[in-house]
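Subject: Handover of a structure and notes on it

Dear colleague,

Please find below the structure that I am handing over to you. My notes follow it.

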Amino acid sequence: MHDSPSPSSGEQAVPTAADPATTAVPRVSVMRSIVRNHRRSIPWIMATSAFVEAVDMLVPILVGIIIDVGIVRGSLAITLLGAAGIFVMRLISTWVWTLMFSASQRARLFERHRLRVAVTGAVLDPRSRPIERPAGEVLSIATSDADKASDIMDMLPWAFPASAVVIGSGVWLAVLDLWLGLATLIGIAVMVLVIRVISPVLSARYDAQQSRAADAAATATDLVHGLRVLQGLGVQSRARTQYRRRSRIALDAALVNARYSGVSSGLTTLVTAAMMAAVVIIAAQRTVAGDMTIGTLIAVVGVARSNMGMLQGLSGIPIWWASMSTSADRVRRLLADLGRTVDDPTLTIGHLATARDERGEARPGERRAGTGGLHLRGVGAGSLQGLDMEVPDGRVIALACADARDADAVVEAVSGRAEHTGVHLGDTEVTSSTRFETRADLLVEPHVVDLFDGTVREQLATRAPASDPTDGSDDSWADAALHAAGADDLLRILPEGYDTRILDRGANLSGGQRQRIALARAVASDAPVLVLQDPTTAVDAVTEQHIAEALVAARRVPDRATLLVTRAPALLREADEVLYVRGGRITARADHQDLMDRDDYREMVRR
């Protein structure tokens, strides 16, 4: 039940968004976004809900009338017609309720899906700001909190109509007898006061509970990913103790929240019960005194009972609202940290469903042309001091940094994350706002290896050009990538070759195997400009030499530029030129053998 228009099949609108890395993020409420997204359907959903609730409240009134007019006066026709009328009303009410419930649930499930997709899309989008949050916390927000925030579409269609019907019944009771109306309205006022006092406390408690649960999820995620390391160190019991402690903290927070929720429910139940008792006692006294008929008494008791049921349901709103609003705010804060909003046009389902990663071909099957190389002009990001260097097409350049911070700063600048980088692909500057468009021409493979759940072939095909057959019919492209990464032997070691399943983060591989598969994946992309940071730190010297020779041979082609940020002697030896960086500046440039005459360079390489 999504009301926003979808793009036509013949034309696809490409949404644009301001650069999240440099633009102040507006404070966009997730709850308001959900309601605004269904602003055309919510009125009729609430109207039909009000009709259903009104029928429920009207039935005991009609029963009272039938008793007085039909049964007491002995009119069988009126009794039968009244019973038939109530049956027809109930039938229509049930049909209307079915339509209303179906529409509200479709809206709720759509919003649940939309929020999950938006958060996931923002986390994966390279234009988003980098964040320092545990993976478990992000996962908790993208699933649990996104689900709870969407419950607003479950609450709205019932809470406001039910409240209106309860107030209307109070007015009807006041018309019958002033004291009946006062007893009902006083009960409603007291319940509203209780809700107003308890809601902020519940919101704070629920926020604490979700934070503790996210901490426990983050700990569990880290422990599972590091399982092999923990087993190798023999510290499984310590890991279990750590998780047990975090989980206990989350449990304590949930128990505290449950106690406050129980107090809220108990107080509202007490208020509604006292209200119903007062209404029934007053109505009974009026009936005994002859001021009220038996049918009216039955109608009053039925209305009071319906009121009590609705008020008990409404008493759960503080708990409901606390969970929804807190979860919605957690989603909003995560998106804000990423430099995005829930209404970002590039995070809509329609855009993400049709968006495709640019694989580099100008036309299907055509190889991506070169860019004119990589150029750094006066780069001052991080610890760098006006770094100038050229990585022309057809060349493999190595950058050897005496300080690891300089190496990280170069990779950060080339990635386009620094505000003013001075990094160019040909004539195009790579900045935080253009790195999304330039990623087809530039691939930066950092030192940290990330592999995903899937087969070896799927790992290598992550950035492979679309012209490469990835269905297993021809694996020559994958063979070449593995050879360039010195990983030919993996096909003999892995039980099912390319169809061997790799677990998340390569948990079933050794460090060297993970690194070589990641390197092969980078080579398989055939990116016009490839930047590699320390791609051989997890392999032995013999394998490193083999990788250096094969990698440089694969990348030394006329329209491909390669930058190796490394201290590995084998890679430095095979590179066409080595640039030595010390103190944030290039202090020497030559081939590896000539630079080995420098004491500081030689000491750096041998460390």
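The protein chain has an average pLDDT of 80, and 83% of the residues score at least 70; pLDDT is the predictor's confidence in each residue, from 0 to 100. This is a predicted model, in which local features need pLDDT of at least 70 and side-chain atom pairs count only at pLDDT 80 or more, while totals for chains, interfaces and linings use all residues. Residues are numbered from 1 along each chain as its sequence is written, and side-chain values use heavy atoms, with hydrogens and water left out.

Confidence is highest in strand β10 (residues 561-565), at a mean of 95, and lowest in helix α7 (residues 227-233), at 59. Helices (H or I, at least four residues) and strands (E, at least two) are DSSP runs, numbered from the N terminus. Over residues 1-18 pLDDT stays under 50, and the model has 25 contacts beyond four places in sequence for them; contact means heavy atoms within 4.5 Å. Where pLDDT is low, the predicted coordinates should not be read in detail.

Strands β1 and β2

Strand β1 (residues 374-379) runs antiparallel to β2 and is joined to it by four bridges; two strands pair if DSSP finds at least two bridges between them. In this pairing, Val-379 stands opposite Leu-387 of β2. Buried means under 20% relative accessible area, exposed over 50%, and partly exposed in between (1.4 Å probe, protein chains only).

Helices α17 and α18

Helix α17 (residues 511-524) packs with helix α18 (residues 541-555) at an angle of about 5°, their axes being 13 Å apart. The two helices α17 and α18 are therefore roughly parallel to each other, a term for angles under 35 degrees. Arg-516, Leu-519 and Val-523 of α17 make the contact with Thr-543, Ile-547 and Leu-551 of α18.

Loops on either side of β9

Asp-526, in the loop between α17 and β9 (529-533), has a positive phi of about 55° although it is not a glycine. Asp-534, in the loop between β9 and α18, also is not a glycine and has a positive phi, of about 45°. Asp-526 is partly exposed, with a relative accessible area of 24%, and Asp-534 is partly exposed at 23%.

Yours sincerely

Conventions:
Axes are lines fitted to C-alpha atoms, for helices over the stretch in contact, and angles run from 0 to 180 degrees between N-to-C directions. Angles under 35 degrees count as roughly parallel, over 145 as roughly antiparallel, 65 to 115 as roughly perpendicular and the rest as oblique.
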